[in-house]
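Thanks for coming. I have one model to walk through this morning, so please look at the screen.

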Amino acid sequence: MSTGTVKDGLRGFVRFFRDVMGEDAYQKYVTFHQSSGCTSAPLTEREFWKDKMDRQDSNPEGRCC
């Protein structure tokens, strides 16, 4: 197995893990906000995460733990 193959596999795993953990959720939100034609300013990253956590707290059955 070549070093390039191992590195590619590791990069893919890291990308998958970040996606599963929701690390890129804010960037996805900003991209969607820009493409949706919304005229208001997007939430700041801090506002986004606070809103996300507040929504999860008010709907706990949507989480596993």
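Aspartate 8 and arginine 11 both sit in helix α1, three residues apart, or about one turn of the helix. Helices here are DSSP runs of H or I with at least four residues, strands are runs of E with at least two, and both are numbered from the N terminus. Aspartate 8 forms a salt bridge with arginine 11, and the closest N and O atoms are 3.2 Å apart. By salt bridge I mean a side-chain nitrogen of Lys or Arg within 4 Å of a carboxyl oxygen of Asp or Glu.

Before going on, the ground rules. This is a predicted model, in which local features need pLDDT of at least 70 and side-chain atom pairs count only at pLDDT 80 or more, while totals for chains, interfaces and linings use all residues. Residues are numbered from 1 along each chain as its sequence is written, and side-chain values use heavy atoms, with hydrogens and water left out.

How many salt bridges does a search of the whole structure find? Four. Aspartate 54 and lysine 50 both lie in α3, four residues apart, about one turn of the helix, and their side chains meet in a salt bridge at 2.8 Å, N to O. Lysine 50 counts as exposed because its relative accessibility is 52%, while aspartate 54 is partly exposed at 38%. The cut-offs are under 20% relative accessible area for buried, over 50% for exposed, and partly exposed in between, with a 1.4 Å probe and protein chains only.

The side chains of arginine 55 and aspartate 51 also meet in a salt bridge, at 2.9 Å, N to O. These two are four residues apart in α3, so about one helical turn separates them. Arginine 55 is partly exposed at 46%, and aspartate 51 is partly exposed at 33%. Side chains of opposite charge can pair when their charged atoms come close.

Leu10, Phe13, Val14, Phe16, Phe17, Val20 and Met21 make a nonpolar surface patch of about 730 Å². Patch residues have over 30% relative accessible area and no salt bridge; like charges are joined within 9 Å, and nonpolar side chains (Val, Leu, Ile, Met, Phe, Trp, Tyr) within 5 Å. The areas come from the Shrake-Rupley method with a 1.4 Å probe, and for residues only the protein chains shown count as cover. Methionine 21 lies in α1, residues 3-21, and counts as exposed at 55% relative accessibility.

Next, α2. Which residues of α2 are buried? They are Ala25, Tyr26, Val30 and His33. They cover an arc of only 135° around the axis, so they lie on the same side of α2; the arc is that of the directions from the helix axis to the C-beta atoms. The face turned away from that buried side carries the exposed residues Phe32 and Ser35. What covers the buried residues includes α3, residues 45-58.

Take histidine 33, in α2 at residues 25-35. Histidine 33 is buried, at 9% relative accessible area. Leaving out residues up to four places away in sequence, histidine 33 touches Cys38, Ser40, Ala41 and Pro42, where contact means heavy atoms within 4.5 Å. Cysteine 38 is in the loop between α2 and α3 and is partly exposed at 39%. Alanine 41 is found in the loop between α2 and α3, and is exposed at 65%. Glycine 37, which follows α2, has a positive phi, near 80°.

Last, the rings. The structure holds five aromatic pairs. In one of them, phenylalanine 48 and tryptophan 49 have ring centres 5.1 Å apart and planes at 80°, so the pair is edge-to-face. Rings of Phe, Tyr and Trp (its six-membered ring) pair if their centres lie within 6.5 Å; planes under 30 degrees apart count as stacked, over 60 as edge-to-face, and the rest as tilted. Phenylalanine 48 is buried at 7%, whereas tryptophan 49 is partly exposed at 25%. Ring pairs link Tyr26, Tyr29, Phe48 and Trp49 into a cluster.
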